[in-house]
Amino acid sequence: MTAARKIRIREVGPRDGFQSWPEFVPTERKLEVIRLLVEAGVQEMETTSFVSPKAIPQMRDAAEVLAGVPRTGCIHSPLVPNLKGATLALDSGADKLVVVISASDAHNVANVRRTINESLSDLRAIFELARQRGKPVVGAMAVAFGCPYQGDVPEDDVYRLADAYISGGAASVVLADTTGMATPPRVIRLVNGFARRFPATPYALHFHNNRGTAMANLYAALEAGADTFDAALGGIGGCPNVPQAAGNLATEDVVYMLEDMGWDTGIDLMKLITAALRLEAILGQTLFGQVMKSGPRDPKLAAAVCRTCH
Ligand code: COA
Ligand code: ZN
């Protein structure tokens, strides 16, 4: 028997999900969910973000969160929008930094109150600081598949920003469909274009489900050769500046599909579902995930999850 091929999943719920939840989720509850995720086998996570507490009050406990997480088995990569965030994150014990810049000026201004060029001018200092501390930097690109203010984003703008990240020293890049505007042909074009231009740089895809296309987009990216995906427990998540009816791809939905297709995610689906159900209880609202409602394929395990459909 050949070993299953490996897929990497970057769990983004604790950052992308808790940042956009209308109420502040208490630090202890955030840490409980993070512990359940690590116990389920999550190996890399956007654990929190070091951003202005005035801009995103939900993330005001970033340092406490990072101080309380399990330090083994999982890489903790907080998101940072500027040098101040990078400094705070590294001082608080981040394993890796996720820098974020949007592929359109309009979204970058809405998100971090700077043009792309202004954000780029901070980048050199962030890379230098991370290098001194021996920590890798991920270059995340918001609205790479379309911008809620500008509409289409030219692919060349995506490649230009990717080039700035990679020539600055980014270890990898995340191409994010921040507001769920991608469709499979756009994904295939961008994944192929990126891989052709930057063959040595690992990349991840980050899909939101605002228009119901996220899982189709993931499948398209997979077929085009992508092997790293962002997902959020229960499907929570979203951009604080944009209204939405759905969040990220749910981690448990992604793990269910990929494992059934023969990929190895290293994550225990039942433990993940248990974590999603606990998250739902903590947040007090039905979440977007589907597998947390229907359960896995094994009828006995499914019956344990889904009491109404058996
Ligand atoms: N962490 C904590 N505080 C920060 C900070 C950071 N990374 N960056 C700035 N601040 C503080 C400043 O110290 C200053 O505090 P003060 O008013 O007490 O003096 C205040 O925030 C304003 O600083 P300034 O540099 O003028 O920032 P700004 O008001 O222009 O906002 C950002 C720019 C980037 C800090 C803000 O828009 C932000 O945090 N955005 C994050 C958005 C986000 O997380 N989106 C979702 C993820 S993609
Ligand atoms: Zn997102």
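In sequence, the residues donating to the zinc ion (ligand 2) follow the spacing D-x189-H-x1-H. The model is predicted, so local features need pLDDT of at least 70 and side-chain atom pairs pLDDT 80 or more, whereas totals for chains, interfaces and linings use all residues. Residues are numbered from 1 along each chain as its sequence is written, chains are lettered from A and ligands numbered from 1 in the order in which they are written, and side-chain values use heavy atoms, without hydrogens and water.

The protein donors (N, O and S atoms within 2.8 Å of the metal, or 3.2 Å for Na, K and Ca) of the zinc ion are Asp16 (OD), His206 (NE2) and His208 (NE2), at 2.0 to 2.1 Å. Helices (H or I, at least four residues) and strands (E, at least two) are DSSP runs numbered from the N terminus.

Ligand 1 is surrounded by 19 residues, each with a heavy atom within 4 Å; Ser52, Lys54, Asn82, Lys84 and Asn111 are the closest. This shell comprises nine nonpolar, five polar and five charged residues. Elements giving two or more residues to the shell are α1 (13-20), α4 (83-91) and α5 (105-112), with α4 giving the most, three residues.

Methods. Nonpolar A, V, L, I, M, F, W, Y, C, P; charged D, E, K, R; others polar.
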